[in-house]
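Dear colleague,

I am passing on the structure we spoke about, and below it I have set out what was found. Please read the notes with the coordinates open beside you.

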Amino acid sequence: MSDYPLPFVPPGGSAPVPRRIRALLDGQVVVDTQNALYLWEFPPYPQYYLPLADVTDGVLVDTGETKVFEHGVARVHTAGRGKAWVYDELGRVRFQWDALDSWFEEDEEVFVHPRNPYSRCDAIRSDRHVQVSRNGVILAESSSTVIVFETGLPSRYYFPPLAVNFERLTESETRTACPYKGRTTGYWSIDGHDLAWCYDFPTAPLLPITGHVAFLNEHVDLTIDGVPIAGSVRT
């Protein structure tokens with residue numbers, strides 16, 4: 001049993017999206033709807049199912065192919081830089097996320113996939129003593145971290161930069177994005193394994209992690225108040 005909350009919406013579950021959803025392609029708004037639907041094709045996050053009437057004409061091009069999913073039969077379309085699946089019975093379309101250039105909930109850009117309305121992502125300051133090491137070498141140690149609690153994921157501990165031993169880390173060109181935290185602005189590795197990152201410009205709810213550095217629990221030894229944390233990997 002995990003020590004963090006797991007997603008609870010089963011595949012096939014759906015719910016209305018109360019937010020305005022828009023998407024851009026080549027600088028033009030090609031999706032604009034206030035009637036989107038969340039549909040969980042698989043845990044832990046949903047996809048947007050959009051009314052066909054709210055998609056700009058000409059964006060969808062029918063390939064003549066069909067594909068069978070557990071939740072219905074879809075006509076396969078090309079769309080922008082990828083694919084889309086049209087469900088005639090629903091009168092809706094689901095886009096491959098990267099088919100369009102960017103997605104917005106109201107006026108805020110969303111990255112990677114839709115946010116799960118039943119998930120939380122909280123950044124909370126803590127004075128617990130946290131230490132990260134690898135092969136016996138301390139990589140970070142502090143009693144002033146920010147803990148990010150995100151539904152479905154282990155807690156992540158973000159260290160002030162002065163508490164990180166950067167001499168043991170190699171800067172990486174890797175960059176990732178998260179629908180809840182934004183885009184990373186730095187990554188570091190050891191022996192070719194990316195295991196630390198930071199957000200210099202996170203989303204507004206995650207501002208406490210600005211400029212702080214987190215480590216992938218699964219690739220380091222993690223202790224809190226001197227107690228080893230299960231799930232970290234001893235190498």
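A search of the whole structure finds zero disulfides, and since this is a predicted model, that result, like the values that follow, is computed from the model.

Turning to the aromatic residues, the structure holds 15 aromatic pairs. One of them is formed by Phe 166 and Trp 188, whose ring centres lie 5.3 Å apart with the planes at 55°, so that the pair is classed as tilted. Because Phe 166 lies in the loop between strand S16 (156–159) and strand S17 (170–172), while Trp 188 belongs to strand S20 (residues 186–190), this pair ties together parts that are 22 residues apart in sequence. Phe 166 is partly exposed, with a relative accessible area of 32%, whereas Trp 188 counts as buried at 13% relative accessibility.

Tyr 187 and Trp 197 form another aromatic pair, also tilted, with 6.1 Å from centre to centre and 35° between the planes. This pair links distant parts of the chain, with Tyr 187 in strand S20 and Trp 197 in strand S21 (residues 193–198), ten residues apart. Both Tyr 187 and Trp 197 are buried.

Elsewhere, ring pairs join Tyr 38, Trp 40, Tyr 48, Phe 95, Trp 97, Trp 103 and Tyr 118 into a cluster.

Finally, there is a sheet to inspect. It is an open sheet of four strands in the order S14-S13-S23-S24, with antiparallel pairing, and its edge strands, S14 (137–142) and S24 (227–228), each pair on one side only. Within this sheet, strand S13 (residues 130–134) and strand S23 (residues 221–224) run antiparallel and are joined by four bridges, and Val 132 stands opposite Leu 222 in S23.

How values were computed: Residues numbered from 1 in each chain as written. Predicted model: local features only at pLDDT ≥ 70, side-chain atom pairs only at ≥ 80, totals over all residues. Heavy atoms only, no water. Pairing = 2+ DSSP bridges. Helix = DSSP H or I, 4+ residues; strand = E, 2+ residues; numbered from the N terminus. Phe/Tyr/Trp six-rings, centres within 6.5 Å; stacked < 30°, edge-to-face > 60°. Buried < 20%, exposed > 50% of the residue type's maximum accessible area, 1.4 Å probe, protein only. Disulfide = S-S within 2.5 Å.
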